[in-house]
Amino acid sequence: MEFNLEQIDTLLSTTRAVRRRLDFNREVPDEVLLRCIDLAEQAPSGGNVASRRWLVIRDPDTKARLAALYRDAGGRGLIETAERLRGSAQARARVVTSAAYLAQHLERVPVLVLVTVWGTHDGSGRPGLFDSVLQAAWSFCLALRARGLGSAWTTLHLGRAREVADLLGIPDGVTQIVLLPVAHTQGTDFTPVTRRPAAAITWFDRWGDTNAHPRDGRSLLAAGPGVTVEVDIAAAPTRVWELVSDINLPARFSTEFLGATWIDTESPRVGAAFVGRNRQEGGREGPDGPAPMQSRQWQTTSYIVAWEPPWVLAWNVSDPAQPSAQWRFELEALGSGTRLRQHVTIGPGMSGTARAMQQHPEQAQQILTRRRDQLRRNMERTTHGIKQLAESPGEDPAASPR
Ligand SMILES: Cc1cc2nc3c(=O)[nH]c(=O)nc-3n(C[C@H](O)[C@H](O)[C@H](O)COP(=O)(O)O)c2cc1C
């Protein structure tokens, strides 16, 4: 049997959180729900023990009380935030407005499905509870979507789990996982959204290593191998950006980068260039060859290819079109903090590493691994240094020995 991949991929990529397009006026038959639950129950569970239980809530009075608990547990706060954000261009305004709409109208949704599991987590970190439910609950959402129905994954009510258990007669020893409001959707044309591409969040063989394997018979470097380092910082993106956008700052932490000077500019922008000074010690940390290397110093010119305060700073080294390396800082808002990501792609242009790999093809993989390790160590020093500076502005981590 061959699957229709186009349809299946469409299902997988367009099963959205539906809130404002839930049809409150159309009946949802039990047969449809039971069929979708049967499909969902095909999902695996720890030890193959059938411990999932599904509560279908239709009674208007029970729905109203559940909706009130949902609002007590945070829905009301969402509604107020949505009011404040009304008309705002902030990206999160769209999600908050939609979530607030659901919080306001939860009792009007034809069916609320609460997915639960027998058991309470023992805190051991071993599989066996949530991981025996989530896959089934998501299968249920996919099965709904395939039938013209929709839902939104909600967990706000868990803040009032005790009261919800009392309301619904849920016994002790059962854990509530997710509340899924279910209705037909108004129209079925949902679209994929932009998420981080797989290549940017998939590591090969070692944490942070991207594009490690050549594909289609291409060379190791043509695959665009890279390293990503991430750190969560308890400071606002604007504060982190002040540090990241100072191109000299990494010199305080990196053992390779000595500093940089802007060329002909006071105000960085796309196209602006700077000269960077670098150093490598000989011996074990030697750069690009399998044999211990001589110490060396060198300069490179880099060109800014992205300057988007306070979110993205990227530059290409040596040749903007055929760079020897591509560097990128990305900042992501994380509540009131920031996730800082530093990424480097080696190549595709010529570099010390590329030359060493050409000269010693039999050791190319080893050379690349060694270079990645050097880069990773310095990127970790830099990002953790930025974290310390951002979180405790009074102290200077570079002042302490590395
Ligand atoms: C663990 C988890 C908890 C969530 N809790 C809520 C919630 O309580 N209320 C709500 O309206 N949406 C909730 N959501 C839905 C997310 O806001 C939604 O998946 C996200 O906005 C992406 O929407 P999209 O799938 O349509 O792109 C939750 C999602 C997850 C994964």
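Reader: Is strand E5 (residues 174-185) enclosed or open to the outside, and why?

Author: In this predicted model, twelve of the twelve residues of strand E5 are buried, so the strand is largely enclosed by the rest of the structure. Buried here means under 20% relative accessible area.

Reader: How should I read the pairing of strands, and which strands pair with E5 over two bridges?

Author: Strands of a sheet pair through backbone hydrogen bonds, either parallel or antiparallel. Strand E1 (residues 22-23) pairs with E5 in the antiparallel sense over two bridges, and there Leu22 stands opposite Thr185. Strand E4 (residues 149-150) also joins E5 through two bridges, again antiparallel; Gly150 has Ala183 of E5 as its bridge partner.

Reader: How many bridges link E3 with E5?

Author: Eight bridges link strand E3 (residues 111-118) to E5, and the sense is antiparallel.

Reader: Which strands form the open sheet, and in what order?

Author: Eight strands form it, in the order E6-E7-E13-E12-E11-E10-E9-E8, with antiparallel pairing. Strand E6 (209-210) and E8 stand at the edges; each has a single partner strand, so one side of each is left without a neighbour in the sheet.

Reader: Where can I look at one pairing inside that sheet, such as E10 with E11?

Author: Strand E10 covers residues 296-308 and strand E11 covers residues 312-317; six bridges join the two, which run antiparallel. One of the places to look is Ser302, whose bridge partner in E11 is Val317. As for side chains, in a regular strand they alternate between the two faces of the sheet.

Reader: Where does Glu256 lie, and is Glu256 buried or exposed?

Author: Glu256 lies in the loop between helix H8 (237-244) and strand E8 (257-263). Glu256 counts as buried because its relative accessible area is 11%, and the cut-off for buried is under 20%.

Reader: Which side chains make polar contacts with the side chain of Glu256?

Author: The side chain of Gln280 makes one, at 3.2 Å. The side chain of Arg371 makes another, at 2.8 Å. Leaving aside neighbours within four places in sequence, the residues in contact with Glu256 are Arg277, Asn278, Arg279, Gln280, Trp298, Arg371 and Asn378.

Reader: Which residues are around the ligand?

Author: They are Arg16, Ala17, Arg19, Tyr70, Val95, Ala99, Trp153, Thr154, Thr155, Leu156 and Arg195. By class, this shell has six nonpolar, two polar and three charged residues.

Reader: Which polar atoms of the protein lie 2.7 Å, 3.0 Å and 3.2 Å from ligand atoms?

Author: A polar backbone atom of Trp153 is 2.7 Å from a nitrogen atom of the ligand. A polar backbone atom of Leu156 is 3.0 Å from an oxygen atom of the ligand. From Arg195, a polar side-chain atom lies 3.2 Å from a ligand oxygen atom. Taken alone, the ligand exposes 630 Å², and the protein buries 64% of that.

Reader: How many helices and strands does the protein have, and what does the C-alpha trace span?

Author: The protein has ten helices and 13 strands. Along its principal axes the C-alpha trace spans about 75 × 55 × 40 Å. Of the 402 residues, 45% count as buried. The protein exposes about 21000 Å², of which carbon and sulfur atoms supply 51%.

Methods:
Residues are numbered from 1 along each chain as its sequence is written. This is a predicted model: local features need pLDDT of at least 70, side-chain atom pairs count only at pLDDT 80 or more; totals for chains, interfaces and linings use all residues. Side-chain values use heavy atoms; hydrogens and water are left out. A residue is near a molecule or strand if one of its heavy atoms lies within 4 Å of it. A polar contact is a pair of N or O atoms within 3.5 Å; within protein, one must be able to donate a hydrogen and the other to accept it, and residues adjacent in sequence count only if both atoms are side-chain atoms. Accessible areas come from the Shrake-Rupley method with a 1.4 Å probe; for residues, only the protein chains shown count as cover. Ala, Val, Leu, Ile, Met, Phe, Trp, Tyr, Cys and Pro count as nonpolar, Asp, Glu, Lys and Arg as charged, and the others, Gly among them, as polar. Helices (H or I, at least four residues) and strands (E, at least two) are DSSP runs, numbered from the N terminus. Buried means under 20% relative accessible area, exposed over 50%, partly exposed in between (1.4 Å probe, protein chains only). Contact means heavy atoms within 4.5 Å. Two strands pair if DSSP finds at least two bridges between them.
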